[in-house]
Amino acid sequence: MHTDLEQRIESLLAPAAADHGLEFVAVEIVGARPQPTLRVYLDQDGGIALDTICEANRWISPLIDDLDPFDSPYTLEVSSPGVDRPLRTREDYARFMGSTATLRTKRIDDRTRFTGVIIGVQEAQVLLDIDGQTVPIALEDVRSARLKGSVDYGRGKDGCEHDL
């Protein structure tokens, strides 16, 4: 769910990111009201480099300053989406079919959190495989969703596989 302010910021930054050859992933406003943090997630094919993030900060900062979205000082963080990439759109779910995701939802059958493999998107629902059962979740019921990241460190010196 986007707040009105997040939607305004997204409307401003998404085309600017595309102009710079980047994918706008998401924006989040977090933290306390006296000094909020504005997080902007960007990506590009093959992953985004630190130098690209630093350069993006240089063109994002004046755009946000011109918008003047906060009554107080704020912190701007520009980042890659990371292994726990946010899922915001129907297209995100389709793009990451076969991946495991964690969804926080409005209360559905006494639950507000679902983790499963994305197996499809039908009309206004995402379909998750949770323990071998297909669970449809209405996109309008999703409060937030992220890929459930994992890092494969390969085999260690001891010959064993190590995961996070």
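Two strands pair if DSSP finds at least two bridges between them, and the strands themselves are DSSP runs of E of at least two residues, while helices are runs of H or I of at least four, all numbered from the N terminus. Hello everyone, let me walk you through this one. It is a predicted model, in which local features need pLDDT of at least 70 and side-chain atom pairs count only at pLDDT 80 or more, while totals for chains, interfaces and linings use all residues. Residues are numbered from 1 along each chain as its sequence is written, and side-chain values use heavy atoms, with hydrogens and water left out.

Let's start with the hairpins. Strand β4, residues 100-108, pairs with strand β5, residues 111-122, in the antiparallel sense over six bridges. Thr100 has Val117 of β5 as its bridge partner. Two residues sit between these strands in the hairpin, and there Asp109 takes a positive phi near 50°. Moving on, β5 is joined to strand β6, residues 125-130, by five bridges, again running antiparallel.

Three strands make an open sheet in the order β1-β2-β3, with mixed pairing. β2 and β3 run parallel, joined by five bridges, and Thr37 stands opposite Thr75 in β3.

Two helices pack on this sheet. α1 touches β1 and β2, and its direction makes about 150° with that of β1; contact means heavy atoms within 4.5 Å. α2 touches β2 and β3, at about 140° to the direction of β3.

A closer look at α1, then. Its 16 residues, 4-19, should span 22 Å at 1.5 Å a residue, and the end C-alpha atoms are 23 Å apart, which agrees; the expected span is 1.5 Å times one less than the number of residues. Leu5, Glu6, Ile9, Leu13, Ala16 and Ala17 of α1 are buried, where buried means under 20% relative accessible area, exposed over 50% and partly exposed in between, with a 1.4 Å probe and protein chains only. Those buried residues pack against β1, β2 and α2. Just after the helix, Gly21 takes a positive phi of about 75°.

Which residues does Glu23 touch, not counting those up to four places away in sequence? They are Tyr41, Leu42, Asp43, Arg85 and Arg95. Glu23 lies in strand β1 and is partly exposed at 23% relative accessibility. Its side chain makes a polar contact of 2.6 Å with the side chain of Arg85, and another of 2.8 Å joins the side chains of Glu23 and Arg95. A polar contact is a pair of N or O atoms within 3.5 Å; within protein, one must be able to donate a hydrogen and the other to accept it, and residues adjacent in sequence count only if both atoms are side-chain atoms.

Methods:
Axes fitted to C-alpha atoms, helices over the stretch in contact; angles between N-to-C directions.
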